[in-house]
Amino acid sequence: LIVNIIALPINPTYAADEYDTLRAKIYDFTTGGPTFDPVDPDISGKITNITALAQTNWDTMNKSAGRTYLWSDMATTTESEHVSGSYQRLEAMTLAYVTRGSSLQNNASLLADIISAMDWMYTNRYNTSVPKRGYDNWFDWQISSPLSINNITTWIYSSLTSTQINNWHAVIDYQALQWGTGLTGANRVWACNIKITSGIIVKNSAK
């Protein structure tokens with residue numbers, strides 16, 4: 001995976017330092033890069049699907065003040081998949097926001113709702129005050145949620161404050177990274193991916 005990422009072209013305007021260079025390469029790797037043709041029939045259908053899923057997630061998201069959940073079917077604090085599932089829906093929305101050819105690309109209202117929801121998740125569901133491994137299934141806490149947070153942060157990095165980035169990745173450190181050495185097989189590979197990507201995002205050479 002790392003070999004493939006490093007081999008991709010990068011927009012030089014992103015490259016303030018080596019971490020920015022790597023993050024830009026991950027951005028291109030996960031979004032298709034700057035050279036694909038959005039009207040190519042092999043690609044346009046995928047863009048349509050990305051857009052449709054994001055629009056459904058956005059339409060059904062609870063945007064009210066004082067909300068106690070983001071989606072009514074993911075409202076509990078006893079099922080861990082409601083945490084990771086919420087992040088995955090936000091990830092799908094963010095992918096449409098950054099996908100060239102999507103009608104939702106660069107939609108300012110969508111971006112504002114994504115960031116607001118991510119802050120809500122940090123405050124109410126996934127933070128360093130929740131017990132390590134949370135509740136129910138460890139995978140949602142240690143792997144699924146961090147993978148989504150890494151992608152979301154990479155894709156909208158320039159729209160986030162340093163506090164948001166540091167908060168979201170501090171909880172990855174807390175919930176996921178200290179357990180990586182106890183994992184095996186594919187789970188260990190995911191843990192390595194999470195740690196490397198988060199390290200690039202927060203510019204932490206120790207990671």
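This is a predicted model, in which local features need pLDDT of at least 70 and side-chain atom pairs count only at pLDDT 80 or more, while totals for chains, interfaces and linings use all residues. Residues are numbered from 1 along each chain as its sequence is written, and side-chain values use heavy atoms, with hydrogens and water left out.

**First stop: helix 3**

Select residues 41-60, which form helix 3. Helices (H or I, at least four residues) and strands (E, at least two) are DSSP runs numbered from the N terminus. The expected span of a helix is 1.5 Å times one less than its number of residues.

Next, colour by burial: buried means under 20% relative accessible area, exposed over 50%, and partly exposed in between, with a 1.4 Å probe and protein chains only. Ile47, Thr51, Ala54, Asn57 and Trp58 of helix 3 are buried. They lie on the same side of helix 3, because they cover an arc of only 130° around the axis; the arc is that of the directions from the helix axis to the C-beta atoms. On the other side of helix 3, Pro41, Asp42, Asn49 and Asp59 are exposed.

Against which helices do the buried residues of helix 3 pack? Display helix 4 (81-98) and helix 5 (108-124), which are the partners; contact means heavy atoms within 4.5 Å.

**Second stop: aromatic rings**

Show the side chains of Phe, Tyr and Trp. Rings (for Trp, the six-membered ring) pair if their centres lie within 6.5 Å; planes under 30 degrees apart count as stacked, over 60 as edge-to-face and the rest as tilted. The count by this rule is 4 aromatic pairs. One of them joins Tyr135 and Trp141 edge-to-face, at 5.0 Å centre to centre and 85° between the planes. Tyr135 is partly exposed at 21% relative accessibility, whereas Trp141 is buried at 0%.

Move to Trp138 and Phe139, an edge-to-face pair with 5.7 Å between centres and 70° between planes. Trp138 is partly exposed, with a relative accessible area of 28%, and Phe139 is likewise partly exposed at 28%. Then select Tyr87, Tyr126, Tyr135 and Trp141 together: ring pairs link these residues into a cluster.

**Third stop: charges over rings**

A charge sits over a ring if NZ of Lys or CZ of Arg is within 6 Å of the ring centre and within 35 degrees of the ring normal. Centre on Tyr157 to see the charged end of Arg23 over its ring, 3.5 Å from the centre. Then go to Phe36, whose face has Arg100 over it at 4.0 Å from the ring centre.

**Fourth stop: single residues**

Select Ser144 in helix 6 (residues 138-155). Is Ser144 buried or exposed? At 9% relative accessibility, Ser144 counts as buried. Leaving aside residues up to four places away in sequence, Ser144 touches Ser84, Gln88 and Phe139.

Most residues other than glycine have a negative phi. Asn106, in the loop between helix 4 and helix 5, has a positive phi near 60° and is exposed at 54% relative accessibility. Arg133, in the loop between helix 5 and helix 6, has a positive phi of about 65° and is partly exposed at 33%.
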